[in-house]
Amino acid sequence: MSVTLPEGLERIEDAEAFGNCRKLTNVTLPSTLTYIGSYTFNSDEGLQEIHCRIEHPTYIYTSGEDIFNGFVDYDNCVLYVPYGCADEYREAEVWRNFKTIVEEQCEPVLVALLALDVENLRLNVGETSVFKTVIYPSSAENQAVEWTSSDEAVVIVSEEGDVTAISGGTATITAAAVDGSGVKATCTVEVISKGDSNNDGNVTVTDAVNTANYAVGKQVAVFDVKAADVNSDDVITMADASGTISIVLEQPVAENGTLAMAAARAAGVTGDRLVAEDYSLRQGETGVVDITLDNLTDYVALQADIVMPDGLTLENVRLGARAEATHTLSMRKVADNIARVVIFSTGNKAFIANGEPLLKLYVRAEEANTDDITLQRILAADAVANEYELSYSGGHNALTSGIGGIGNGGVSVKPSSGGLHISNAKGMAVSVYHFDGSLRASFEAQSDDERLSLPSGVYIVKVGSMTTKVVIK
């Protein structure tokens, strides 16, 4: 019978812990042992091998008694000691009675357990943290650890275990022993985007609405306090909602893949849209392009990126009559030709339903002909912080021919009292569909001033190759 005491064990407290074990033939004592109780191997005449991994012989025993009590067969029991330690054992009182002391190259002590001080960690983007490791046994010869991150786009980790949060998401940090033991420890790190109060991984004007609702005591469906606390004062107030708007404005222009992800995250994709007036500016001229909101859902906040074509300069943006009395406008230039606007109401008020413009763009033509004005990444929020993706139409330069199959006439489709007013479409095919898909009218425009009676509702109108949505109230 053999017994191997584990590395890390420091004391054998009990007297005669292995006494009278006459079938015990082989014992291995760990390198970490510092105390051996009296008579520990009393009357163990059957011992044939003792493998003692203690580099400096320890013969601490109680009451001055021998740990073997003189009953081991010193002539035939072989004492194996670490390489280079035989002479020291031959001089040590407890061990010098062994007739055969053999030096052996001991197997390296491997890591048996590796633990981290935390198993789950939450960090804000840009925050850092340092892991602490616990390695067992402490006598493991190689205590080096290799650190890896499952997603370095979310979290990176240094060779010393310093963690830095890069972007919102979740990643697993792994610490692995490099001594061949295969022992590992992991920690899940969740990275929070500051301002992402609804915890959807994207900071938009909807998060500001969510934070504002929470700040005034309204019930919200999802709320991440740590992410919402933009100013890090441990209190959620309207200042955090305002800070969220600042974050939205500072974000870089989204790439197509990001735009698709944002659209997928939106709570609803409606038929609502922003519509820009077509413009007609000659070189050196300045004008105002109205942006209207064509909507059935009541929105309290909205953000959009205004993209100006080459040759057209955006000089200013102001709120239109649908929002100027209830909302504030924030704007930041995020690229040479792109301005991000955020319209937000601290009182959580919906845009006034008066049919007036929502925004007014003040533009200047630096060249004779320019392309269209476009709006991208249009996201709106309702009063309970649901997020919606809106579409966009209009903004055509009427001086440029061939846009969307429409000539210089500037085709216009607008709701009128009790129906539709179609302008500048003479000779073009016109089809009118109800929003449910049913065809309501189909004809060729006989003049540049066509009017069609229709009941209230939402209609899809196709004029030539142009398709637009019209709401008749």
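Among contacts in the protein chain between residues at least 6 apart in sequence, 63% join residues at least 24 apart. Keep in mind that this is a predicted model. The protein chain holds five helices and 32 strands. Its radius of gyration is 39 Å, well over the 23 Å that the globule rule gives for 473 residues, so the chain is more spread out than a compact globule.

**Overall build**

- Along the principal axes, the C-alpha atoms of the protein chain fill a box of roughly 125 × 45 × 45 Å.
- Of the 473 residues in the protein chain, 45% are buried.

**The nonpolar cores**

- The largest nonpolar core has 31 residues, and Leu274, Leu302, Ile373 and Leu375 are the ones that touch the most other members.
- Two or more residues of this core come from each of β17 (268-276), β18 (286-294), β19 (301-307), β20 (312-319), β22 (338-344), β23 (359-365), β24 and β25 (387-394).
- The biggest giver is β23, with four residues in this core.
- Another core, of 29 residues, lies apart from that one, and Phe18, Ile36, Ile67 and Tyr89 are among its members.

**Helix α2, a mostly covered helix**

- Helix α2 spans residues 205-215, and nine of its eleven residues are buried.
- Those buried residues are Val205, Thr206, Asp207, Ala208, Val209, Asn210, Thr211, Ala212 and Asn213.
- The cover over the buried residues of α2 includes the helices α3 and α4, along with β19, β22, β24 and β25.
- Just after α2 comes glycine 217, with a positive phi of about 90°.

- How much space lies in the largest pocket? The volume there is about 980 Å³.
- There are 37 residues lining the largest pocket, and Val275, Thr292, Val413, Lys414 and Pro415 are the closest to its centre.
- Two or more lining residues of the largest pocket come from each of β17, β18, β25, β26 (412-416) and β32 (466-472).
- Strand β32 supplies the largest share of that lining, seven residues.
- Sorted by class, the lining of the largest pocket has 14 nonpolar, 13 polar and ten charged residues.
- The second largest pocket has about 260 Å³ of volume.
- Its lining has 14 residues, and Arg53, Glu55, Pro82, Cys106 and Glu141 lie nearest the centre of the second largest pocket.

- Where does the chain have a cis peptide bond? A cis bond joins tyrosine 136 and proline 137, with omega about -5°.
- Proline 137 sits in the loop between β11 (133-136) and β12 (145-149).
- Serine 232 is not a glycine, yet its phi is positive, near 55°.
- You'll find serine 232 in the loop between α3 (225-228) and α4 (238-250).
- Is serine 232 buried or exposed? Serine 232 counts as exposed because its relative accessibility is 51%, and the cut-off for exposed is over 50%.
- Arginine 377 is another non-glycine residue with a positive phi, about 45°.
- Arginine 377 belongs to strand β24, residues 374-381.
- With a relative accessible area of 10%, arginine 377 is buried, since buried means under 20%.

**A pair from separate parts of the sequence**

- Glutamate 107 is in the loop between β7 (100-104) and β8 (113-116).
- Glutamate 107 is exposed, at 57% relative accessibility.
- Glutamate 107 and arginine 53 are 54 residues apart along the chain, and their C-alpha atoms are separated by 9.6 Å.
- Arg53 also turned up above, as one of the residues nearest the centre of the second largest pocket.

Terms used:
Residues numbered from 1 in each chain as written. Predicted model: local features only at pLDDT ≥ 70, side-chain atom pairs only at ≥ 80, totals over all residues. Heavy atoms only, no water. Buried < 20%, exposed > 50% of the residue type's maximum accessible area, 1.4 Å probe, protein only. Core = buried A, V, L, I, M, F, W, Y, C linked by side-chain atoms within 4.5 Å. Contact = heavy atoms within 4.5 Å. 1 Å grid on protein atoms, 1.4 Å probe; cavity = no way out; pocket = protein on both sides within 12 Å on 5 of 7 lines; lining within 4 Å. Points joined across faces, edges and corners; volume = space filled by probe spheres on them. Nonpolar A, V, L, I, M, F, W, Y, C, P; charged D, E, K, R; others polar. Rg over C-alpha atoms; globule rule 2.2 N^0.38 Å.
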